[in-house]
Amino acid sequence: MLLTRRQLLGAMPAAGLTALPAPAAETAAFQPNWDNLAAGYRTPDWFCDAKLGLWAHWGPQCVPEVGDWYGRLMYMQGHRMYDHHLKTYGHPSQTGFMEIIGRWQAENWDPADLMRRYQRAGARYFVAMAQHHDNFDNFDSRWQPWNATRVGPKRNIVGIWEKLARRAGLRFGLSNHGAHAWHWFQTAYGYDPEGPKAGVRYDAHRLTRADGKGTWWDGLDPQDLYGGPMMVPPAGLTSLKSMQDWHDAHTGQWLETPPPGNPAFVKSWYLRALDAIEKYRPDLVYFDNYGLPFGQVGLDLVARYYNLSRQWHGGRMEAVVNGKRLTTETQRRAIVEDHERSFVDDIRPAPWQTCTCIGQWHYDRPLYERGGYKSLRQVVQSLTDIVSKNGNLLLSVPLRGDGSLDDLEIRFLDGLAAWTATNGEAIFATRPWRRYGEGPTRFAQDEAKQAPFTAADLRFTTKAGHLYILAMDWPADGRLQVTSLAGDTNGVVDRIDLLGRDGTPLPFRQTPAALEITLPDRPNDTPMLALRLSGRGLV
């Protein structure tokens, strides 16, 4: 008979995670501290070459199809997601988020077809969401009975993705967002401050394992999903504003600290994360955290993962760990920094990554219906800017709750496939040049505030002795001016080719003021162009 998650955790030593046994064959090369990790780690070549990853940020919160953080916001009266839930499913005191999991059937999920599309689009790595803030595991979790093999689609989502990604020749990654579940999900223990059900606590407050007898979740404990009451809204809040203010000051804080008085939650998170790593041997693990989750516990896990990677790969380091808002160069050498929906201002010495989405992280039908996705032009411009500065782009194209793409997403991926097929030579396996680029458009860290790029905005990459110039748009007059290549200070140009065109070189003049390039007629509606330059002293 299988032990429950609580029984397993209760049987563990209370001293902390250092008491957990290490695999017998694991080396001790990496120790769980920033200095040691930074001294021994080198970002693997596969990541530096990859440049583009695609991400299935997909789980039960996609079922309502109204956007991000449904599991939290459906419990906040006055929010549009609360209104949607009340209208569509019922009051959250009776029909809570766990019932959304029961509705997640993934009936139109065709992972083999999706992986083919991702590969054609140019992805060199693929990332599957293993666990979101909703505390649900998308794999055959040993430690969390609320997982996709037992309820919902009753399929090993991560395991299926992993096999298909490997078969397609892509590197495979996992994203882990679950360290925030302990505070993020505490709204489920709240109540309506106003209206006919004012003061009636939501489902997480009352449900126990016994309540599931004879239901679809028979044998499961809702508290294992909702996390248990750790930061419960107090009684007596009687207005939407007072409830919102309370959450803003407590559960709404982005906390990387362990929950006070609940070491079992931290142990559970660690064991679940390690379980997924050991089962699927990912090339990349993305943590949705500032730095690493839970301080020392996160360092423990990264050291374990790095040592396992060496064990799996005959002593080679093939692992990548992503964390956000790193504060020191030591941290940036120890793991790969991720910038969510943002750019950087210059070439970074250490490889880095931007993660973004063409829409909302979880599928948002109203956004689709109003045509609100990022355009292909915006995405390839972002990819080009990122690569010119030594970064990678991890891009999510959100799946519907049923596992399918909509027609606009299919069109987007087809367009991305066409663009990378023509211009990928200037992107994949490249390295930055002496400067990232030139042009008039000013840098904005937040992608939402970035002004549109122009044809005068150029980005540079290098590979195999060639310099590549990528223009953010096609010049209206058919002429390109490159001031970075004025004179011969940065090399002498002998030949220029337009990628995707026959072998006829382009006419040009290298003057003391600029490299002047004459372009052919624009061949189609391609959003950008890429040039290959050959010559002396260019790279």
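Predicted model: local features only at pLDDT ≥ 70, side-chain atom pairs only at ≥ 80, totals over all residues.
How many bridges join strand S2 to strand S3? The count is 6, between S2 (residues 125-131) and S3 (residues 171-176), and the two strands run parallel.

## Ground rules

Residues are numbered from 1 along each chain as its sequence is written, and side-chain values use heavy atoms, with hydrogens and water left out.

Helices (H or I, at least four residues) and strands (E, at least two) are DSSP runs, numbered from the N terminus.

## The barrel

S2 and S3 belong to a closed barrel of 8 strands, S1-S2-S3-S4-S5-S6-S7-S8, with parallel pairing; strands pair if DSSP finds at least two bridges between them. Direction ignored, neighbouring strands here are turned by 30 degrees against each other on average.

Axes are lines fitted to C-alpha atoms, for helices over the stretch in contact, and angles run from 0 to 180 degrees between N-to-C directions. Contact means heavy atoms within 4.5 Å.

## The open sheet

Next comes an open sheet: 5 strands in the order S9-S10-S11-S16-S13, paired antiparallel. Strand S9 (431-438) and strand S13 (492-498) are the edges, each pairing on one side only. From one strand to the next, the twist averages 25 degrees.

S13 pairs with strand S16 (residues 529-536) over 6 bridges in the antiparallel sense, and Arg495 has Ser534 in S16 as its bridge partner. Helix H17 packs on the sheet, touching S9, strand S10 (458-463) and strand S11 (466-471), with its direction at about 55 degrees to that of S10.

## H17 meets H18

H17 (residues 376-388) also has a helical partner, H18 (residues 407-423): their axes come within 10 Å and cross at roughly 45 degrees. The two are therefore oblique to each other (under 35 degrees counts as roughly parallel, over 145 as roughly antiparallel, 65 to 115 as roughly perpendicular, and the rest as oblique). The crossing of H17 and H18 is right-handed, meaning the near helix is turned clockwise from the far one by less than a right angle.

On the H17 side, Leu376, Val379, Val380, Leu383 and Thr384 meet Phe412, Gly415, Leu416 and Trp419 in H18.
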